[in-house]
Amino acid sequence: MKKIAVLTSGGDAPGMNAAIRAVVRTGLVKGFEVYGVKNGFSGLLAGNFVNLGPRDVGGIMQRGGTVLGSARCSDFKMLAGQKKALRNLNSMDIEGLIVIGGNGSQTGSFRLSELGFPVVGVASTIDNDLYGSEITIGVDTALNIALEAVDRLKITASSHQRAFLLEVMGRNCGYLALMTALAGGAEAVIIPEVPTQPEEIADKIEEAYEKGKAHAIVIVAEGAEYNAEKLSNYFKDHEDTIGFDLRVAILGHIQRGGSPSAYDRILASRLGSGAVDAMASGLYGVLTGWIQSKVTYTPLSEVVSKQKTLDKSLIELASILD
Ligand code: F6P
């Protein structure tokens with residue numbers, strides 16, 4: 001195998017650039033010619049390839065986002081789109097593809113790999129919902145951004161004796177919300193994995209008020225049945241019972257846009273380089289992840305069919321410490 005390509009797909013995650021850099025530089029050391037595909041799977045369909053040398057990936061490690069661009073590509077979900085992508089890869093004589101991304105992206109990897117093309121995935125999403133990696137690229141940075149938001153909210157909340165609902169991302173997974181609540185010392189957390197009624201949250205806020213706390217912070221996962229908007233509507237109707245004045249903050253894409261933490265840069269470097277090692281040794285159709293402090297390879301068939309679960313002991317810990 002001589003030529004390989006790399007793309008980033010789905011929601012960008014801080015650390016993707018460090019992964020691209022590791023793929024390019026490890027690839028060159030191992031004798032590959034490396035191409036970047038612009039804008040994820042859409043770039044594969046458009047035949048948008050750029051040759052990457054070692055200097056092309058200089059100075060990108062500290063930047064959030066992805067220098068290759070990313071996209072959510074509905075055409076690639078169809079067999080016709082996947083076949084077109086294969087034709088474009090073949091016309092460039094590219095013999096292997098590395099896909100840096102989360103769940104949807106690795107489903108795309110699996111589809112290409114089912115069609116017989118050598119693909120290796122790299123676990124990257126701020127949601128940390130990908131089977132086959134205990135932690136994914138971008139999570140640590142996103143968590144730290146959310147945590148900074150909590151610390152800042154606490155300051156203003158205490159000054160005004162207010163309660164805040166802070167909604168964080170995570171799609172259908174409560175990992176980011178749970179960890180933000182644990183690290184930020186929140187009064188309550190609402191995640192999709194633990195169905196929670198608004199009355200229970202009202203009780204917790206009221207409890208904080210009665211304990212004489214100066215504020216109450218509730219972290220809400222965007223994927224929870226009662227997200228920030230629904231909860232806020234509920235509280236508008238019950239504002240006299242919770243003691244505090246209530247405000248809502250939705251962090252949204254702010255948490256994806258940070259400069260990657262040291263942890264994410266190192267994780268991304270190890271996984272990106274590990275993906276090239278897999279390619280070089282003829283190991284395809286796998287996700288490069290991080291399990292028990294080691295680079296691991298999990299078959300993409302497992303990654304797309306199994307669900308990662310939240311550690312129950314962390315859920316318990318959050319309820320003890322709130
Ligand atoms: O998967 C990463 C993520 O940031 C999710 O947490 C969020 O639900 C989604 O992407 C947002 O997608 P988009 O950037 O396409 O709006």
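By class, twelve nonpolar, three polar and three charged residues line the second largest pocket of this predicted model; Ala, Val, Leu, Ile, Met, Phe, Trp, Tyr, Cys and Pro count as nonpolar, Asp, Glu, Lys and Arg as charged, and the others, Gly among them, as polar. Residues are numbered from 1 along each chain as its sequence is written. Because the model is predicted, local features need pLDDT of at least 70 and side-chain atom pairs pLDDT 80 or more, while totals for chains, interfaces and linings use all residues; side-chain values use heavy atoms, without hydrogens and water.

A pocket is an open set of points on a 1 Å grid over the protein atoms alone, where a 1.4 Å probe fits, with protein on both sides within 12 Å along at least five of seven lines; lining residues have an atom within 4 Å of a point. Points are joined across faces, edges and corners, and a volume is the space filled by probe spheres set on them.

| Pocket | Volume |
|---|---|
| Largest pocket | About 870 Å³ |
| Second largest pocket | About 310 Å³ |

The largest pocket is lined by 39 residues, with R72, G102, N103, G104 and R171 closest to its centre. Two or more lining residues come from each of α4 (103-114) and α10 (300-305), and α4 provides the largest share, six residues. Helices (H or I, at least four residues) and strands (E, at least two) are DSSP runs, numbered from the N terminus. The lining of the largest pocket comprises ten nonpolar, 17 polar and twelve charged residues.

Of the 18 residues lining the second largest pocket, V189, K204, A318, S319 and D322 lie nearest its centre. In this lining, α11 contributes the most, with four residues.
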